[in-house]
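These are my notebook entries on one structure. I put down what I looked up, in the order I looked.

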Amino acid sequence: MTAENSSVTEFILAGLTDSPGLQIPLFFLFLSFYVATVVGNLGLITLIGLNSHLHIPMYFFLFNLSFIDFSYSTTLTPKMLMSFVSKKNIISYAGCMTQFFFFCFFVFSESYILSAMAYDRYVAICKPLLCMVTMSPQVCLLLLSGVYGMGIFGAVTHMGNIMFMTFCADNLVNHYMCDIIPFLEQSCNNSYIHLLVVFIVVTIGIGVPIVTIFISYGFILSSILHISSTEGRAKAFSTCSSHIIVVCLFFGSGAFMYLKPPSILPLDQGKVSSVFYTAVVPMLYPLIYSLRNKDVKVALKKTLSRKLFS
């Protein structure tokens, strides 16, 4: 940290809203979101771990996706819940930087694991005979190391960007979490450079996975159109539908928040839109994969029947 910022020891998080009448209803609303997120993602993790027929690349990545969603929701939501019931929501400088680091790490990791899942779907549909070789356990672990490696890259780069900022305003952060956009508002040195760094890093975090996903689904669509039977095409589409919905939710909400200049999307509106991908989207993923995936439904029935029988 630069010498100018050495006096900053804590931040005050403004929270999602300052309306007293909304505090308690929002607390219970987001508490229910968080409970559903924890139960859904930990349930999916447990289900995949207990059922050996789900120990294939597709569910290996889904296991890690659920872990990432649970982790980054836990990084943010408890502090947001405190903002609804605390008169003054204070977070230490070290705590704020820790929250921001893990938030960046898990968000970048999620964007790249979604691209790894798209590649897995490409191999399964376009090269089914080579699937076991192409997506071997060694390859899956290599892809996973790349996923978390990009998560570290995104977190470290954003943290380095903050370290060169000089905060000349008060320590009030106009957000319910520690994020790069409100820090840019408080920076009194050349914010254009910092904004450019944010745009480049977020483009790498979103742009590269999106290109990978588009290329993968381009080949997938081409292969599906060459399938002669209607039943075969429907089955191929069904294996990809859950992933496509998740990709649209995650990248759509993230791009809306971070790839628009602040003049187009003011921070007060931006922090409301960020609720969608920090609190709502992680809750929806287990529902999407549970309701639209026959293997998960079968595994759930088997697990419940074993528990009831025992």
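I looked up Val39 and found it counts as exposed, at 57% relative accessibility. I take exposed as over 50% relative accessible area, buried as under 20%, and partly exposed as in between, with a 1.4 Å probe and protein chains only. Val39 has its place in helix α1. I found Phe28 exposed, with a relative accessible area of 51%. Phe28 and Leu81 are 53 residues apart in sequence, and their C-alpha atoms are 8.6 Å apart.

I note here that the model is predicted, that local features need pLDDT of at least 70 and side-chain atom pairs pLDDT 80 or more, and that totals for chains, interfaces and linings use all residues. Residues are numbered from 1 along each chain as its sequence is written, and side-chain values use heavy atoms, with hydrogens and water left out.

I counted 10 helices and three strands in the protein chain. Helices (H or I, at least four residues) and strands (E, at least two) are DSSP runs, numbered from the N terminus. From the N terminus on, I read the order of elements as β-α-α-β-α-α-α-β-α-α-α-α-α. The protein chain has 310 residues, and buried residues make up 48% of them.

In an unreviewed entry, UniProt places the feature "transmembrane region" at residues 26-47, 59-78, 90-108, 129-156, 192-225, 237-259 and 274-291. The positions are in the numbering used here, feature names are shortened, and annotations may be inferred rather than shown by experiment. I checked two of these stretches against the model. Residues 129-156 are 86% helix and 0% strand, with the end C-alpha atoms 40 Å apart. Residues 192-225 are 100% helix and 0% strand, and there the end C-alpha atoms are 47 Å apart.

Helix α5 (residues 137-163) has 27 residues and reaches 39 Å from its first C-alpha to its last, close to the 39 Å expected at 1.5 Å a residue. The expected span is 1.5 Å times one less than the number of residues. I listed buried residues in α5, among them Cys140, Leu144, Tyr148, Gly151, His158 and Ile162.

How many disulfides does the structure hold? I found one disulfide, taking the term as a pair of cysteine sulfur atoms within 2.5 Å. It joins Cys96 to Cys178, with 1.8 Å from S to S. Cys96 lies in helix α3 (residues 93-126) and Cys178 in the loop between β3 (172-173) and α6 (180-186), so the pair ties together parts that are 82 residues apart in sequence. The torsion about the S-S bond of Cys96 and Cys178 is about -125°, so this disulfide is left-handed. Both Cys96 and Cys178 are buried.

Cys131 is buried, with a relative accessible area of 17%. Cys248 counts as exposed, at 53% relative accessibility.

Rolling a probe the size of a water molecule over the atoms shows where empty space is left. On a 1 Å grid over the protein atoms alone, a cavity is a set of points where a 1.4 Å probe fits but cannot get out; a pocket is an open set with protein on both sides within 12 Å along at least five of seven lines; lining residues have an atom within 4 Å of a point. Grid points are joined across faces, edges and corners, and a volume is the space filled by probe spheres set on the points.

I put the largest pocket at about 630 Å³. It has 24 lining residues, and Met58, Arg121, Lys235, Thr239 and Asp295 are the closest to its centre. Helix α8 gives the most to this lining, with six residues.

I counted two cavities of 30 Å³ or more.
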